[in-house]
Amino acid sequence: MSIFENELKNGKFVCSECHECKKFVWPPSDFCNICFGKVNWRQISGKWKLIEFSKKDDVVFCIAEFDNMIRIMGELKIGTKTTSIGQDLDLVKCDYVDKEKFVFKLN
Amino acid sequence: MKKVGIGGFGLTKFNKDNVSIESLMLSSIKSLFDSTSRLDQKDIDVVLTSTNDNSKYLATIMSELAGISPKISHSVESLCNSGANSVISAFSYVASGLADVALVVGADKFDNPGLVLEWDRSRGQYKHPVYWSSMFTRSHMRKYGTTMEDLAMVSAKNHRNALENPHAYFDKEYSVEEIMQSKNITDDVRILDCSFPCNGSAAILLASEDSVKKYTDCPVWLTGVGQKTISAGFTKNEDLTSMKSTRYAADMAYKMSNKEPKDIDVTEVHDAFSICEIIELEDLGFAEKGKGSQLVNTMYGTQNKKINPRGGLLGSGHPLGATGIAQIVEITQQLQNKAGKRQVEGAKTGLVQNMSAAATSSSVLIFES
């Protein structure tokens, strides 16, 4: 199991970051996809941005973006709030059971 | 670079029978040999297999089963785009002079493992293609006002076209209303807006200009080739209302063949979901951005078969490794004026667009009679 998946199991979203470029390498990888430099693993914290969403049964799913670069699909908890593209999101849950699981909440 | 033409083809009926991948492939190879009278196994330099099946050494196995001892044999796997990829590989071998006659056979079974790209971590738990399709659909609706009725018209048109395709999986016409009222898979996609995985196989023979005339009196020439990969992960698609890889591939193919969208008489596009056809018609230059659904509405209303005459993936079914080759077989028949009730009158130039995994990669091919 990769570092990325192991950390998801611990509830943390980590991403590889290049030693040289100082940029995230997404999808997570052992080497930078620009300079093939070595990477560190850094936990991501901060706001995500809502790119698009739809709904299956009663569950809203979405694409969320971090730092204009990392985009992932996850469940979106809306509650009673109104949703619109570009809204700030919090990544409130990560997990890995056979596949990645991400849950966002409107900020 | 040598001129490359299509010398023959074979197809199987798309269905869900319980048969092996080898049996499927051999059936379309037999169909090709049966309909190409002067073809001898000894003529074939290259055998390529296009599939998402996990079989090993398949091109070599198929060569042995078909009595062929080629110089070159290997498999090509690129998810839904495997078929066009394999034909481009065969084209390259023949055009370069490394080989003279190439047989390409594609097949997949309805339960093949290529339907879901497990590697794509960015999709999280939403790995099934219906989720990326929902994102494309919602974005196109938001930006251009595309409606569920517009989507249903794509499916209604292609299911109707498939009625005249004896190899199609579906043999039933659906009204726009029936499609709109079919099962909700998500808020933005109905089940009849989705192509269905099924069994199917298609084979095609490519040959140099000198050799192709041995096999057919009316060769169809592959004159434009375009291909582009943007990424493997779905979320690298920056604009969800467009298919960047298709735009790049189309530009390459148009330039190579010295053609423009207005020159294309008939086209097969990759309608894995209804929204795909609308976006592709825009990105291939057949309609302005946001006007793809208007073009579909016109085609449906006037019973014009210019777009997806065999019924596309929605009407014909989608055996991944066979799809791109079946699209090319259709355009070949159209340009030979041998498409029967599907025939587009006077078709001289045709285009095939085949793509993979939410258009993270695309191929565009242009053919001329």
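Strand E4 (residues 48-56) of chain A pairs with strand E7 (residues 88-97) of chain A in the antiparallel sense, over two bridges, where strands are said to pair if DSSP finds at least two bridges between them. Helices (H or I, at least four residues) and strands (E, at least two) are DSSP runs, numbered from the N terminus. In this pairing A:Lys49 stands opposite A:Asp88 of E7(A). The model is a predicted one, in which local features need pLDDT of at least 70 and side-chain atom pairs count only at pLDDT 80 or more, while totals for chains, interfaces and linings use all residues. Residues are numbered from 1 along each chain as its sequence is written, and chains are lettered from A and ligands numbered from 1 in the order in which they are written.

E4(A) and E7(A) belong to a barrel, closed by five strands in the order E4-E5-E6-E8-E7 of chain A with mixed pairing. From one strand to the next the twist averages 40 degrees; axes are lines fitted to C-alpha atoms, for helices over the stretch in contact, and angles run from 0 to 180 degrees between N-to-C directions. E5(A) and E6(A) run antiparallel and are joined by seven bridges, with A:Ala64 opposite A:Ile72 of E6(A). These two strands form a hairpin with three residues between them, and A:Asp67 in the turn has a positive phi of about 60 degrees. E6(A) also runs parallel to strand E8 (residues 99-106) of chain A, to which three bridges join it, and here A:Leu76 stands opposite A:Phe104 in E8(A).

## A cis peptide bond in chain A

The peptide bond between A:Trp26 and A:Pro27 is cis, with omega at about 5 degrees. A:Pro27 is placed in the loop between strand E2 (24-25) and strand E3 (39-43) of chain A.

## Where the chains meet

Between the chains, 15 residues of chain A are in contact with 18 residues of chain B, contact meaning that the C-beta atoms of two residues, placed from the backbone, lie within 7 Å. Helix H4 (residues 129-144) of chain B provides five residues, the largest share of the side of chain B that touches chain A. That side has four nonpolar, eight polar and six charged residues; Ala, Val, Leu, Ile, Met, Phe, Trp, Tyr, Cys and Pro count as nonpolar, Asp, Glu, Lys and Arg as charged, and the others, Gly among them, as polar.

For the complex the predictor gives an ipTM of 0.95 and a pTM of 0.97. Chain B averages a pLDDT of 97, and 100% of its residues score at least 70, pLDDT being the predictor's confidence in each residue, from 0 to 100.

## The open sheet of chain B

Chain B holds an open sheet of nine strands in the order E3-E2-E4-E7-E1-E8-E11-E10-E9, with mixed pairing. Its edge strands, each pairing on one side only, are strand E3 (72-76) and strand E9 (266-268) of chain B. The twist from one strand of this sheet to the next averages 25 degrees. Within the sheet, strand E8 (residues 220-229) of chain B and strand E11 (residues 361-368) of chain B run antiparallel and are joined by eight bridges, with B:Thr229 opposite B:Ser361 in E11(B).

In strand E1 of chain B lies B:Gly7, which is buried, with 27 other C-beta atoms within 10 Å. A residue is buried if 20 or more other C-beta atoms lie within 10 Å of its own, exposed if 12 or fewer, and partly exposed in between, with C-beta atoms placed from the backbone. Not counting residues up to four places away in sequence, B:Gly7 touches several residues, including B:Thr36, B:Leu205 and B:Tyr215.

## Helices and loops of chain B

The axes of helix H5 (residues 148-162) of chain B and helix H9 (residues 274-283) of chain B come within 8 Å and cross at roughly 95 degrees. H5(B) is therefore roughly perpendicular to H9(B), a term for angles of 65 to 115 degrees, whereas those under 35 count as roughly parallel, those over 145 as roughly antiparallel and the rest as oblique. The contact of H5(B) with H9(B) has four nonpolar, two polar and two charged residues.

B:Asn337, in the loop between helix H12 (320-335) and E10 of chain B, is partly exposed, with 15 other C-beta atoms within 10 Å. B:Ala358, in the loop between E10 and E11 of chain B, counts as buried, with 29 C-beta neighbours inside 10 Å.
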